[in-house]
Amino acid sequence: MIAIIKYNAGNIKSVQNALTRLGVESVVTDDPNTIIHADKVIFPGVGEAGSAMSYLQEKGMDVLIKSITRPFLGICLGQQLMCSHSEEGNTHCLNIFDVNVRKFPSTDIVPHMGWNTIYDLKGEIFKKNTDHDDVYFLHSYYADLCAETSATCTYILPFSAALQKDNFFATQFHPEKSADVGDQILKSFIEL
């Protein structure tokens, strides 16, 4: 069973719907016991970094998340909160990935919204995908490129479209909204 972490952020239902479509049982929960004993954990989110991080700290979820040893997938805001620091609200995050989150410069339309290409794919969740697949993005903040970057995208500048460290995986894009390509990424995560 997959636990989808319930916290002060949106987009949880679309992730659960994608898992149901793939025939996978999931539960939306903020219960620490359920989360820690789940086969896998998904940390989705759409929202603002500061308020979401405050909610996690208030509930002790910041410590819980870092202690999880099973496969863990952060999506969109979930990825950003797994980084060290976000410019959004000058927020100190979970520091799972040693990289900062910055606001896109206003040299083009922000937020970055719609389909874009990912490349330089590495890691287990991309084992059945190919460079230059298109996925769906909706974000104004991005994680810099770093040693833990497992997929890159370019919008205004190159950034980390995905990150991986040990059992922690994260995507800035929304696999649950990325059609067949996203379904394949979710399936690869489910099969870990």
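The structure is a predicted model, in which local features need pLDDT of at least 70 and side-chain atom pairs count only at pLDDT 80 or more, while totals for chains, interfaces and linings use all residues. Residues are numbered from 1 along each chain as its sequence is written, and side-chain values use heavy atoms, with hydrogens and water left out.

Strand β13 covers residues 168-171; helices (H or I, at least four residues) and strands (E, at least two) are DSSP runs, numbered from the N terminus. Two strands are said to pair if DSSP finds at least two bridges between them. On this basis, β12 (residues 157-165) runs antiparallel to β13 and is joined to it by four bridges. The hairpin of β12 and β13 has two residues between the strands, and D166 takes a positive phi there, near 55°. Strand β4 (residues 72-75) also pairs with β13, in the parallel sense and over four bridges; here L73 stands opposite F169.

In a regular strand the side chains alternate between the two faces of the sheet. In β13, F168 and A170 point one way, F169 and T171 point the other way, and all are buried (buried means under 20% relative accessible area, exposed over 50%, and partly exposed in between, with a 1.4 Å probe and protein chains only). T171 has a relative accessible area of 0%. Leaving aside residues up to four places away in sequence, T171 touches L73, G74, I75, C76, Q79, I125, A161 and A162, where contact means heavy atoms within 4.5 Å.

After α1 comes G23, with a positive phi near 80°.

Side chains of opposite charge can pair when their charged atoms come close. With a salt bridge taken as a side-chain nitrogen of Lys or Arg within 4 Å of a carboxyl oxygen of Asp or Glu, the count comes to four. One of them joins D183 to R21, with the closest N and O atoms 2.7 Å apart. D183 counts as buried, at 12% relative accessibility.

Another salt bridge forms between E191 and K128, whose closest N and O atoms are 3.4 Å apart. Because E191 lies in the segment after α6 and K128 in the loop between β8 (112-119) and β9 (133-139), this pair ties together parts 63 residues apart in sequence. E191 is partly exposed at 46% relative accessibility, and K128 is partly exposed at 49%.

R102 and E87 also meet through their side chains in a salt bridge (3.8 Å, N to O). R102 sits in strand β7 (residues 100-103) and E87 in the loop between β5 (85-86) and β6 (91-92), 15 residues apart. A network of salt bridges links E87, R102 and D144.
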